[in-house]
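Open the model in your viewer and keep the selection tool handy. We'll hop from one side chain to the next.

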Amino acid sequence: MSSVFVNVVPVFVLILIGWMSAKTGILKEETGDALGEFVFKIAVPMLIFRTLADAHFEGASPFRLWAAYFLAVAVTWTVGHLIATRIFRRDAKVGVIAGMSASFANNVFIGLPLVAHIVGKDGLVAISILLAIHLPLMMVAGTILMEGAASKVDGGEKRSIPAILMQIGSNLARNPLVIGLFVGVAFNLLGLHLPQAVAVVVDQISAAASPVALISIGMALTKYPIRGDIGLSGMSAVLKLTLLPAVVFLMSHLLGLPQDWTAALVLTSSVPTGINAWLIAQRFRSGHSLAASVISITTAFGVITVSFWAWLLS
């Protein structure tokens, strides 16, 4: 267990360094925003491209991987929603945010570095395949559910599903992660290779993705203080750190995924909540404090639970 803990701790130490740098004013808030933009628009797309361009899929189908992960997401999201609406008596909009906060892992900024550090290249292939549909599917589900909940709670007419899909599809077409993914797959299928000088540059930028991503998410955490709805926030955090990876673990074994893919999926599902739940809350003006609190709580306790899942998979 101690060796696993040693492998996990550096990931969270980098997050802590980012948080302390922003909290003490050593680095300005705009610096964190710039680092996050660099990671999202350049470094991680390069890493995904490089991983998929050189990957050996050996006929592996992504459908079992997607099924294992998203069945777990559906279970956790549903449990989170029911706890918020039935036990804590919150409205449907807060229920959606509770479910999303409990099931939306920060796969890009924390999951990728963690899997790269612990599982290695085969794990990165699994995460890259997951990312192909993770953001689109989660954001479509979150937006459609919140549109329905807002219509029920606030009244008024909700947008049609085609209109929502068109807007999200337009955004995804310009998403750097999606572009990096499709270009990487295209290179792989066509058997293309980068010139040596270009490959060196891509490798150097890809190597920066993990540490810079972790520092930038640490700096961003200063925007998400723990406040209000502590009971519901704590329950959503427990679901995120325990139920989601547990169901992913179970489904991965039931569906017979390779060991490295199982480890990658379980580890990335066990990481803290991503900011997308907070973005949905902001867009619909409901559950902001809940989403912010879950992000901070899961990050604070994530080092313990991630270490447990890493130990279980070792």
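Is tryptophan 66 buried or exposed? Select tryptophan 66: with a relative accessible area of 18%, this residue is buried (under 20% is buried, over 50% exposed, in between partly exposed, using a 1.4 Å probe and protein chains only).

A quick note before moving on: this is a predicted model, where local features need pLDDT of at least 70 and side-chain atom pairs pLDDT 80 or more, while totals for chains, interfaces and linings use all residues. Numbering runs from 1 along each chain as its sequence is written, and side-chain values use heavy atoms, leaving out hydrogens and water.

Phenylalanine 63 and tryptophan 66 sit 3 residues apart, about one turn, in helix H3 (residues 62–87) (helices are DSSP runs of H or I, at least four residues, numbered from the N terminus).

Next, look at aromatic pairs, of which the structure holds 6 (Phe, Tyr or Trp rings, the six-membered one for Trp, with centres within 6.5 Å; planes under 30 degrees apart are stacked, over 60 edge-to-face, the rest tilted). Select phenylalanine 49 and phenylalanine 187: their ring centres are 5.1 Å apart and the planes are at 85°, so the pair is edge-to-face. Phenylalanine 49 belongs to helix H2 (residues 29–53) and phenylalanine 187 to helix H8 (residues 176–190), so this pair ties together parts 138 residues apart in sequence. Phenylalanine 49 is buried, at 8% relative accessible area.

Last stop: select Phe308, Trp309 and Trp311, a cluster linked by ring pairs.

Conventions:
Helix = DSSP H or I, 4+ residues; strand = E, 2+ residues; numbered from the N terminus.
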